[in-house]
Amino acid sequence: MKSIKVSILALLTIFTFHAFAHDTPTGMHISTKSPQAHALFEKAMHKMEMLHTQDGLDNFRSAVQADPQFALGHIFLTFFSQDPTEQVTEREKALATRASAGPEEKLIIDWLANASQAKWVPAIQAMNEALS
C-alpha cells in the first residue's frame, strides 16, 4: 500500500510541476484566498516529497484550518491520512468545496475522491484527463 501511495505521490508531483505553470515556488496554481493556507500547502507538498509524512499532514491540516474552503487541501488529507474517520470527513469536505477549486484542481479532487472509494474507472478517467 505504501508503494502505491509513493507512486501516486510521484504522479501528483509530476502533474503539479508540469500542469500548473504559475507564480508559486513549485509552479502550482492553487485556489485559496488565504496566503497562509497557500504557504502551508506548499510546505506540506515539500514535506511529502521528502517523505516526511507526519509533518506534511500537519501542514495540510493547518492549511485547511486557515481556509476551510480549500478543496485541494482537504483531498490531499483524504489521500495521505492514516485515520479512516479523517479520510471520510476530509473527502466529504473536498467534495463539498469542490466548486471553489480551479479546473485542474477539480480533476485531482475527482481522481483522489474516486480512488479513495474504489471507483477505479472514474478515478482513472480523471487522472488521464488531469495528466493530458
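Buried denotes a relative accessible area under 20%, exposed over 50%, and partly exposed in between, with a 1.4 Å probe and protein chains only. The structure is a predicted model, in which local features need pLDDT of at least 70 and side-chain atom pairs count only at pLDDT 80 or more, while totals for chains, interfaces and linings use all residues. Residues are numbered from 1 along each chain as its sequence is written, and side-chain values use heavy atoms, with hydrogens and water left out.

Most residues other than glycine have a negative phi. L51, by contrast, has a positive value, and A118 has a positive value as well. With 53% relative accessibility, L51 counts as exposed; A118, at 48%, counts as partly exposed.

Helices here are DSSP runs (H or I, at least four residues), numbered from the N terminus.

**Packing of helices 5 and 6**

Helix 5 (residues 84–96) packs against helix 6 (residues 103–116) at an angle of about 145 degrees, and their axes are 11 Å apart. Axes are lines fitted to C-alpha atoms over the stretch in contact, and angles run from 0 to 180 degrees between N-to-C directions. In contact (heavy atoms within 4.5 Å) are R91, A94 and L95 of helix 5 with I109, A113 and S116 of helix 6. These residues comprise four nonpolar, one polar and one charged.

Conventions: Helices (H or I, at least four residues) and strands (E, at least two) are DSSP runs, numbered from the N terminus. Ala, Val, Leu, Ile, Met, Phe, Trp, Tyr, Cys and Pro count as nonpolar, Asp, Glu, Lys and Arg as charged, and the others, Gly among them, as polar.
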